[in-house]
Amino acid sequence: MVLRARPGRDEDERVVVHRLASARKAPRDVVERCRMVELSWDGWLVPQIADELGCGQKTVRRWLHRFNRLGLEGLEDLGGQGRKRRITEAERSKIVGLVKQTPPGRLEVQPSNEMWAANESGPSEWTLDTLAAAARDLGIEVSRSQVRRILRAEGVRWRRTRSWTRSKDPDFEGKGRGSSSSTSARPPARRWSAPTNSAR
């Protein structure tokens, strides 16, 4: 029976596999395993994948079987081979993906020119704390410091320029020199000297 990687469960899984297969900063082993899945999706057979990646056919079969059974988590290191990562690559990708989403509490102008937010009680801006909370809502146990490390490793910016620093008004001009005071400064006090009489 010909072994192939099963199709992606959903679009998110397919996107993560393709992204990791060509990632430069992800662990090398995970990149190679995602490449195995990607090549299998492209119709390559196990012997061809092994030759392309310079590994054994047994290795390719093992990781394809694990992917078919466990999905992306199956491509993580096997237990007993060192400390397992607390956060999987799939979870890391979900955290990075949060930054690209509009915070649920941010007001946005609708076609009717009304302001509306998906969740008025939610955060209006992404911060490390709100990202960590949103990740926990997705079932990912992660701390604020872990979110910071993940975003820095991926080169992702999570801070948004404050709205008051920019204006869409074409007539808006940045603040220039300070305006002059409406009242003039107090004139210096006149110094009086005692009269002298040169005739004396």
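A nonpolar core is defined here as a set of buried Ala, Val, Leu, Ile, Met, Phe, Trp, Tyr and Cys residues joined through side-chain atoms within 4.5 Å, where buried denotes under 20% relative accessible area, exposed over 50% and partly exposed the range in between (1.4 Å probe, protein chains only). The model is predicted, so that local features require pLDDT of at least 70 and side-chain atom pairs pLDDT 80 or more, whereas totals for chains, interfaces and linings use all residues. Residues are numbered from 1 along each chain as its sequence is written, and side-chain values use heavy atoms, with hydrogens and water left out.

The protein chain contains seven helices and two strands, taken as DSSP runs (H or I, at least four residues; E, at least two) numbered from the N terminus. Their order along the sequence is α-α-α-α-α-β-β-α-α. Of the 200 residues, 32% are buried.

The largest nonpolar core comprises 24 residues, and those with the most contacts inside it are C34, M36, V37, V60, L64 and L75. Two or more core residues are given by each of α1 (11–21), α2 (28–41), α3 (46–53) and α4 (57–70); the largest share, six residues, comes from α2. Apart from this core lies another, of 16 residues, including I87, V96, L128 and L131. With contact meaning heavy atoms within 4.5 Å, L64 touches L3, A5, M36, V37, S40 and V46, residues up to four places away in sequence not being counted.

V109 is located in strand β1 (residues 108–109) and is exposed, with a relative accessible area of 55%.
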